[in-house]
Amino acid sequence: MFESLSDKLDAALKKVTGQARINEVNIGNAMRDIKRALLDADVNYNVVKNFVEQVRKKSLGEEVIKSVSPSQMIVKIVYDELAALMGGTQQDLNLKTSRVPAVIMVAGLQGSGKTTFSAKLALQLKKKGRNPVLVAADVYRPAAVEQLKTLGAQIDVPVFSIEEKDAIKAAKDGVEYARKNARDIAIIDTAGRLQIDEDMMAEAEQLKKLLAPEEILFVVDSMIGQEAVNTAKAFNDRLDFDGVVLTKMDGDTRGGAALSIKTVVQKPIKFISQGEKVDDLDIFYPDRMAQRILGMGDIVSFVEKAQEKLDLKKTEELQKRLLENEFNLDDFYQQIQEIRKMGSLQNVVSMIPGMSKLVPQDKIDERDLKKVEAMICSMTREEKQKPDIINGSRRLRIAKGSGTTVQDVNGLIKQFGEMKKMMKSINKMAKSGRPLTAENLPFGRLMQR
Amino acid sequence: MGFFDALKFSRLKEGLQKTRESLFGKISRLVKGRTKIDDEFLEELEQILIAADVGVPTTLKIVESISARAKRERYMNEAELDAMLRDEIQKMMQDARKTLVVDFTAPLPKTPYVIMIVGVNGVGKTTSIGKMAYNYKNAGKSVLIAAADTFRAAATEQLEIWAERAGVAIVSHGQGKDPGAVVYDSVSSAVAKNTDVVLIDTAGRLHNKTHLMEELSKIKRVIQKKLPDAPHEVLLVLDGSTGQNAISQAKEFTKAVDVTGLILTKLDGTAKGGVVIAISNELNIPVKYIGVGEQIDDLQLFDREKFVEALFE
Ligand SMILES: Nc1nc2c(ncn2[C@@H]2O[C@H](COP(=O)(O)OP(=O)(O)O)[C@@H](O)[C@H]2O)c(=O)[nH]1
Ligand SMILES: [Mg+2]
């Protein structure tokens, strides 16, 4: 969903990178573009203002100028600030209670996706071995109860409803039903309401008071505009909810609301809903999402960024050696060090568009990289430069020295051989004028196991 | 005063109270005591428009045209400034009356007059259809609703309730059935029975899902099999609280089914209606109705001038 936002940011950042120095003038230009990109993405006006101000301040600060290159720093600061806006780490539901049932209350505007989400959540909890019941507390919208019943039947979760148009009673009886029928979680699907509808907001408050839910989730359509902040704020003022659910993330919205809501109400986004089917529910990873914001640009802009981040001279040298196919394990080690400067491994991988396809996020393990480093460190100079000489006894020594196994060393040497083969084709590519992209760096290949 | 009645002027004002207070109330406040346009004024205006979801391009357009005019028309008093602002914002919007029959009581150019309702999920298509059916019925026209949202759970049940409330006929095959068949049956039945208006509900779909958009084009072709010049209108329903993504929605739906007008919903709650200006301006699609509540009579005709006038009163 952040594709277009990240494209814009990339375009904005391009103006910064490639300039020798950052000064008040060019930082101003970059900030204006970043501001525009964020506004186009529906990030709240005030959030954008604060964001841009923060970035500007940090960029003009002393520690920026001391470091390697100012443009590197801006990139880093924009990313850091965005990540900070998105929030810290993933937070689970507060369901560690001995109360039966634990109560989850689902609230939000009309059409935001509450009912669909309730069913999705029920299915997910059920898969985890819980025994949820869905409680139909939207007694107003025509056929809302039928909708929940249909969904409940699809996922084989019971739906509790009453005939009377009384949301409070429906919820109360629903919880009672759960208790009597050994259902350990009651998910209360409430009616959509506008934050300015006083009667309905009072009803929501009353529901909260009555149910004392373990978890209140605020469901919001990810396509929402500037109003996201006011709405989230009003619901939070009345309900002090525990988490946010962003729906319809399967659309192409730039999703600025995710940034604004998090900033303004300081509540974690716990789920994202991305589809109409009941199993289209995902946990929200703020860090991943923030990475995605900056990370989905085209390869060209990444290379620009990467080259900024890497020591240019060293990179050029490596590149030359690569092209001449003289690349050895020593070079490889250095390259790892350069890449390391760019941040955590996951971070780096998510920043490189092609790379995330090459190396699935969940397959990345920092430990693999550490192993590789350790193994190379245990090699002699000669071995690093001529990996061909590494025979059985040398392998055993390297494994012992690096706290790994001979299989690990075998794997490394095998992969390095493959890498060199691959490099021959890269070589051709490079000679044909194609830039040396991160995708072509041997590193990604090595991590692909 | 027929038009005024149809507009339910006071209710419109009531429904737009929020919008007026925040967006245009601010403009009035902005204008108060000012006789010249300076940077501070323009920046404040820009901020207000952006915060109302007008979007950056349209906001810049408005701001530019205003500063250009200010240069031409040197001296300005408060009233002139106010009028100029209104004028410039109004100019950004299409007039639905120029291309569509907006009044429910007006004679229809063709019968059966087929209106297809489209939009992304959760914007209020079904509710809007219920309200339109009610209005056409009240205007003495016979109405048939086609329940072609066969996808969403209980969508047909929801529409059946609205049809009953409005007292109009409905063709419904139930969930999971082929929407094309529903539409074909509906149009055939309307032709046979000389029904005045056919309102076609469709399943909500995100505009970036090509197969679903293709399905929509197919539904349209099914209508045309029976009535080559139908649908006479394709109305895209937009949630008033949607941000800039609404523009992308309008673009994609237009590509698939040639949207002729917009229904902007949930304007009773959200303070901002600025997205109307952006869409109307950028895509030349007029806003036809606005939804200002969940009741059956909470649908208003959208009129550019009256809209802005009501906002500025
Ligand atoms: N594409 C998509 N549609 C969704 C998603 N969540 C809900 N919907 C649809 O949005 C519409 C409104 O959802 P519903 O759950 O009834 O909203 P409620 O009024 O808040 O209960 C329905 O058409 C749903 O199928 C989602 O994540 N993606
Ligand atoms: Mg619902």
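Where in chain A does P101(A) lie? In this predicted model, P101(A) is placed in the loop between α5 (70–86) and β1 (102–108) of chain A.

## Cis peptide bonds

The bond that joins V100(A) and P101(A) is a cis peptide bond, with omega at about -5°. In chain B a cis peptide bond joins T111(B) and P112(B), with omega at about -10°, and P112(B) is found in the loop between α7 (96–99) and β1 (113–118) of that chain. Most peptide bonds are trans, and most residues other than glycine have a negative phi.

## Positive phi in chain B

D258(B), although it is not a glycine, has a positive phi of about 55°; it lies in the loop between α12 and β6 (261–265) of chain B. D258(B) is partly exposed, because 14 other C-beta atoms lie within 10 Å.

N284(B) is not a glycine either, and has a positive phi of about 55°. Its place is the loop between α13 (275–283) and β7 (287–291) of chain B, where N284(B) counts as exposed because 10 other C-beta atoms lie within 10 Å.

## The ligand between the chains

Ligand 1 lies between chains A and B, and 21 residues surround it, the closest being G113(A), T115(A), T116(A), N121(B) and G122(B). Helix α6 (residues 114–127) of chain A provides the largest share of this shell, namely three residues. By class, the shell around ligand 1 consists of 15 polar, five charged and one nonpolar residue.

## The contact between A and B

To the contact, chain A gives 29 residues and chain B gives 33 residues. On the side of chain B that touches chain A, α4 (39–51), α9 (155–166) and α12 (245–257) of chain B each supply at least two residues, and the largest share, four residues, comes from α9(B). That side of chain B has 14 polar, 12 nonpolar and seven charged residues.

## An exposed loop residue in chain A

A212(A) sits in the loop between α9 (198–211) and β5 (215–221) of chain A, and is exposed because 9 other C-beta atoms lie within 10 Å. Although A212(A) and M105(A) are 107 residues apart in sequence, their C-alpha atoms are 9.2 Å apart in space.

## Confidence

The model scores ipTM 0.88 and pTM 0.75. Chain B averages a pLDDT of 86, and 87% of its residues score at least 70. Over residues 1–12 of chain B, however, pLDDT stays under 50, and the model has 15 contacts beyond four places in sequence for these residues. Where pLDDT is low, the predicted coordinates should not be read in detail.

Methods. Residues are numbered from 1 along each chain as its sequence is written. Chains are lettered from A and ligands numbered from 1 in the order in which they are written. This is a predicted model: local features need pLDDT of at least 70, side-chain atom pairs count only at pLDDT 80 or more; totals for chains, interfaces and linings use all residues. A residue is near a molecule or strand if its C-beta atom, placed from the backbone, lies within 6 Å of it. Ala, Val, Leu, Ile, Met, Phe, Trp, Tyr, Cys and Pro count as nonpolar, Asp, Glu, Lys and Arg as charged, and the others, Gly among them, as polar. Two residues are in contact if their C-beta atoms, placed from the backbone, lie within 7 Å. A residue is buried if 20 or more other C-beta atoms lie within 10 Å of its own, exposed if 12 or fewer, and partly exposed in between; C-beta atoms are placed from the backbone. pLDDT is the predictor's confidence in each residue, from 0 to 100.
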